[in-house]
Amino acid sequence: MWNNRIKAWGGETITSIKGSYAAMVTSTQQTGEGENSIKIRYKQDYGQIETITFKFHRYLAFLHKGAGKGVAGSKGSTWTTKFGQKKSTNPKSLGKLGTGKRKAKEWLNPQLDRAVPKLADQLLEEKWDGAMKALQLQ
């Protein structure tokens with residue numbers, strides 16, 4: 001039951017996240033690779049799902065935060081290109097997040113803010129039922 005509830009929640013949530021991203025992009029021809037990269041993964045421990053992970057292309061995080069070339073947050077980052085070159089954030093762009101023409105387009109957090117309480121309620125109900133059955137005298 002536990003895993004089924006989590007996977008059902010995950011299916012609904014990933015659909016709403018992809019819908020949010022698609023609604024934000026102005027052309028259906030622009031959603032393809034970004035939308036297809038949004039995935040959900042489950043990690044199990046002793047047969048029960050313990051971790052839920054959302055994966056997506058790196059540039060979607062930039063879009064969500066309003067970062068990009070010349071506009072970075074306070075820490076910056078390092079990465080390896082597909083050619084194996086090490087890159088890092090230009091120090092001149094640090095701290096400029098939220099300035100200039102680039103604006104944050106939040107497509108992920110609003111969906112998770114709505115979905116996570118639903119999952120918490122479902123899992124609490126299931127754990128509560130299990131606890132009550134364990135406490136009942138036979």
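This is a predicted model: local features need pLDDT of at least 70, side-chain atom pairs count only at pLDDT 80 or more; totals for chains, interfaces and linings use all residues.

User: Okay. Which residues is Gln-111 in contact with, leaving aside neighbours within four places in sequence?
Analyst: Ser-16, Ile-17 and Ser-20.

User: And where is Gln-111 found?
Analyst: In helix 4, which covers residues 109-135.

User: Does Gln-111 count as buried or exposed?
Analyst: Buried. Its relative accessibility is 12%, and buried means under 20%.

User: Let's zoom out. How many helices and strands are in the chain?
Analyst: The chain has 4 helices and 4 strands. Starting at the N terminus, the order is α-α-β-β-α-β-β-α.

User: How much of the chain counts as buried?
Analyst: 24% of its 138 residues.

User: Which residues make up the largest nonpolar core?
Analyst: There are 10: Ile-14, Ile-17, Tyr-21, Val-25, Ile-38, Ile-40, Leu-60, Trp-107, Leu-108 and Leu-112. Helix 1, residues 2-24, gives the largest share of this core, with 3 residues. There is also a second, separate core of 7 residues, including Trp-2, Ile-6, Ile-49 and Ala-115.

User: Back to Trp-107. What does Trp-107 touch?
Analyst: Setting aside residues up to four places away in sequence, Trp-107 touches Ile-17, Ser-20, Tyr-21, Met-24, Ile-38, Phe-56, Leu-60 and His-64.

User: New topic: strands. How many bridges join strand 1 to strand 2?
Analyst: 7, and the two strands run antiparallel. Tyr-42 stands opposite Ile-52 in strand 2.

User: What sits in the loop between strand 1 and strand 2?
Analyst: Tyr-46 has its place there, with strand 1 at 39-45 and strand 2 at 48-55. This hairpin has 2 residues between the strands.

User: What is the phi of Tyr-46?
Analyst: Near 55 degrees, a positive value in a residue other than glycine. For background, most residues other than glycine have a negative phi.

User: Is Tyr-46 buried or exposed?
Analyst: Exposed, because its relative accessibility is 82% and the cut-off for exposed is over 50%.

User: Last one. What share of the contacts with a separation of 6 or more comes from residues 24 or more positions apart?
Analyst: Such pairs account for 58% of those contacts in the chain.

Notes
Residues are numbered from 1 along each chain as its sequence is written. Side-chain values use heavy atoms; hydrogens and water are left out. A nonpolar core is a set of buried Ala, Val, Leu, Ile, Met, Phe, Trp, Tyr and Cys residues joined through side-chain atoms within 4.5 Å. Buried means under 20% relative accessible area, exposed over 50%, partly exposed in between (1.4 Å probe, protein chains only). Contact means heavy atoms within 4.5 Å. Two strands pair if DSSP finds at least two bridges between them.
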